[in-house]
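Please go through the model below.

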Amino acid sequence: MNLDPGLQRGEDIRQTPSPGYVKVCHVQVLVGRSRYAAGKNLKIVYTAPGIAQFRAPSKQREVYHEPSRNESINELYQRHLRLLKLQGKSKKTIDAYARAVRRISERFDCCPDQLSLEQREQYFSDLVKSHSWSTVKIDRNGLQFFWKHVLNRDWQWVNIVKAPKVQSLPDILTVTEVEQLIGATRKLRYRVFLLTTYSMGLRLAETLSLQVGDIDGNRKLVHIRRGKGHKDRFVPLPDLTYQALRTLWCKHRNPCWLFPSAAGSPEDIRSATTHMDRGGTQAAMKAVVEQCGIKKKSRFTRFATPLQPICLKRV
């Protein structure tokens, strides 16, 4: 115990002071026996009744904190996200690879680096039963990236998951079915969206990302930016689609997006900074397909497939 210099040597701190006497001294004690022990300052105040009151300072002492399991997992997970961004992965790829790490961590309630080979085999065996092979391959690639770049370990169990090679032909809608879909759509923005997607053979994200500056009305071309593989390309613009896009834009007059977010008032749509919601667009397309009674599972349109000109007077 180290006494403050204000307390004279040999003075008994148990002595009762006289009335009106107040004396303050500081005492430093050592708390704890381990190497993480910390000193704690106590203030002794003598008042008139002769009672010594010990008061601890308001500032709390620092205590050594062992990192918990959740903190370790979160640290590796955040490093995983940083490395994915540094390698130039797309947002969808980052989300898919991160989902793979979260899924296997929640499955065994531990960090993936602590899993044994048998546990990983069991995980993928259960995943094959509940998910498609496409999801299984994405999880395998995501965990492979996590093992090689985050944990700096050799990927030795890639042969556990080997998806079968299947070459299937897509279901392509006929011109009559496409006209039926577009004609059955009630809201103008979804109707023009379907017309633009099928008439130019675009992907869902490519149509949603169209901006006003991407349309070249003089040359009848549309500039598709950062398509699949981060590649740009030009696509011919049909006259019917051009007129439909102009009609839609005159409704909202957003200076940036051709398909702005439809949430809020007309003023909010005019000043929207994002495009339409992807999930809402997919739900609207699915509802129209069910309404028309089309049983084909067409997720995309191959632009290489020759289609007759679409003629719709309703658009």
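Q: Is arginine 226 buried or exposed in this predicted model?
A: Buried means under 20% relative accessible area, exposed over 50%, and partly exposed in between, with a 1.4 Å probe and protein chains only. The relative accessible area of arginine 226 is 58%, so arginine 226 counts as exposed.

The model is predicted: local features need pLDDT of at least 70, side-chain atom pairs count only at pLDDT 80 or more, and totals for chains, interfaces and linings use all residues. Residues are numbered from 1 along each chain as its sequence is written, and side-chain values use heavy atoms, with hydrogens and water left out.

Q: Where does arginine 226 lie?
A: Arginine 226 has a positive phi of about 50 degrees although it is not a glycine. Helices (H or I, at least four residues) and strands (E, at least two) are DSSP runs, numbered from the N terminus. Arginine 226 lies in the loop between strand S6 (221-224) and strand S7 (233-236).

Q: Is arginine 253 buried, partly exposed or exposed?
A: Arginine 253 lies in the loop between H8 and helix H9 (266-270), and has a positive phi of about 55 degrees. Its relative accessible area is 44%, so arginine 253 is partly exposed.

Q: Is histidine 252 buried or exposed?
A: Histidine 252 lies in helix H8 (residues 239-252). Leaving aside neighbours within four places in sequence, histidine 252 is in contact (heavy atoms within 4.5 Å) with Trp257, Leu258, Pro260, Ile269 and Arg270. At 7% relative accessibility, histidine 252 counts as buried.
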